[in-house]
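Q: Good morning. I am new to this structure and would like to go through it step by step.

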Amino acid sequence: MRAARKGFTLVELAVVLVIMGLIGYVFYGAIFEYLKREKISMAQEQLEGVVTQLQGVAVAQGTLPDPAVGGLLPTSYAYSTDLWRSRVRYWLAPELAGGAAISGVTATTLSVEEYSALGPAGTFVGGTLDRTVTNVAFVLANLGSDLTLQVEDVGGAGATIRILTRGYGDITVGAVAVRYDDQAVYQTLNQMQAILLQ
């Protein structure tokens, strides 16, 4: 008479491992896609938190802070570094620089162009321009994990900021697919002045 078996055979363990591997393979892509979406969503919420901070400064002081060297958000602000450990970009209308009172400014030269698609070369040239917003007080942006430019400062002078407003996913830049992961938020001068009047 044989003694009772304890444990599993190698074949049984191999079958279980194969099944677990197949389940992991099926869910792997979905799980990581979800995590990427959540990170992008959290980055957008962080930018909106910075907008709230800047609005608080505007109410308290009547002005907006100047950008740090290189057009970056000053490090004294929470979330001055995004989730990818890059500094948040910050463009301020020149008319509001140097501590100019928001209530004393009647118009700004900063504008935002919102695009829903890039052009054939993977740039804004030849892309689909949906609208242009003028009289902008400030723009905040992060460049995501791959630092591809889905947010662009036209000419580097901070007069026009181009934003790709497509929601999420991959975009083709030339022959390469890149992740759409840039976020940008902005406030117009009228919005900022309305906050001061509240």
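**Strands, core and contacts**

A: Strands S2 and S6 run parallel and are joined by 5 bridges. Please note that the model is a predicted one.

Q: Which residue stands opposite Ile163 of S6?

A: That residue is Glu114.

Q: And is S6 enclosed or open to the outside?

A: S6 is largely enclosed by the rest of the structure, because 5 of its 5 residues are buried.

Q: Changing topic: which strands form the open sheet?

A: The open sheet has 3 strands in the order S1-S4-S9, with antiparallel pairing. S1 and S9 stand at the edges and have a single partner strand each, so one side of each is left without a neighbour in the sheet. On average, neighbouring strands are turned by 10° against each other, direction ignored.

Q: How many bridges pair S1 with S4?

A: There are 4 bridges between S1 and S4, in the antiparallel sense. Trp91 stands opposite Val139 in S4.

Q: What packs on this sheet?

A: Helix H1 packs on the sheet and touches S1, S4 and S9; the direction of H1 makes about 25° with that of S9. Helix H2 lies across S4 and S9, and runs at about 65° to S9.

Q: What about the largest nonpolar core: which residues touch the most other members?

A: Leu64, Leu96, Phe138 and Leu140 do so, in a core of 36 residues. Elements that each supply at least two residues of this core include helix H1 (10-61), strand S4 (136-142) and helix H2 (189-197).

Q: What is Leu140 in contact with?

A: Leaving aside neighbours within four places in sequence, the contacts of Leu140 include Leu47, Val50, Val51 and Leu54, as well as Tyr90 and Val185.

Q: Next, Gln55. Where is it?

A: Gln55 is in helix H1, and is buried, with a relative accessible area of 18%. The side chains of Gln55 and Gln187 are joined by a polar contact of 2.8 Å. Not counting residues up to four places away in sequence, Gln55 touches Gln187, Met192 and Ile195.

Q: One last item: what is the phi of Asn135?

A: Asn135 has a positive phi of about 60°, although it is not a glycine. Most residues other than glycine have a negative phi. Asn135 is found in the loop between S3 and S4, and is buried, with a relative accessible area of 14%.

Notes:
Residues numbered from 1 in each chain as written. Predicted model: local features only at pLDDT ≥ 70, side-chain atom pairs only at ≥ 80, totals over all residues. Heavy atoms only, no water. Core = buried A, V, L, I, M, F, W, Y, C linked by side-chain atoms within 4.5 Å. Buried < 20%, exposed > 50% of the residue type's maximum accessible area, 1.4 Å probe, protein only. Contact = heavy atoms within 4.5 Å. Pairing = 2+ DSSP bridges. Polar contact = N/O pair within 3.5 Å; in protein donor to acceptor, adjacent residues only side chain to side chain. Axes fitted to C-alpha atoms, helices over the stretch in contact; angles between N-to-C directions.
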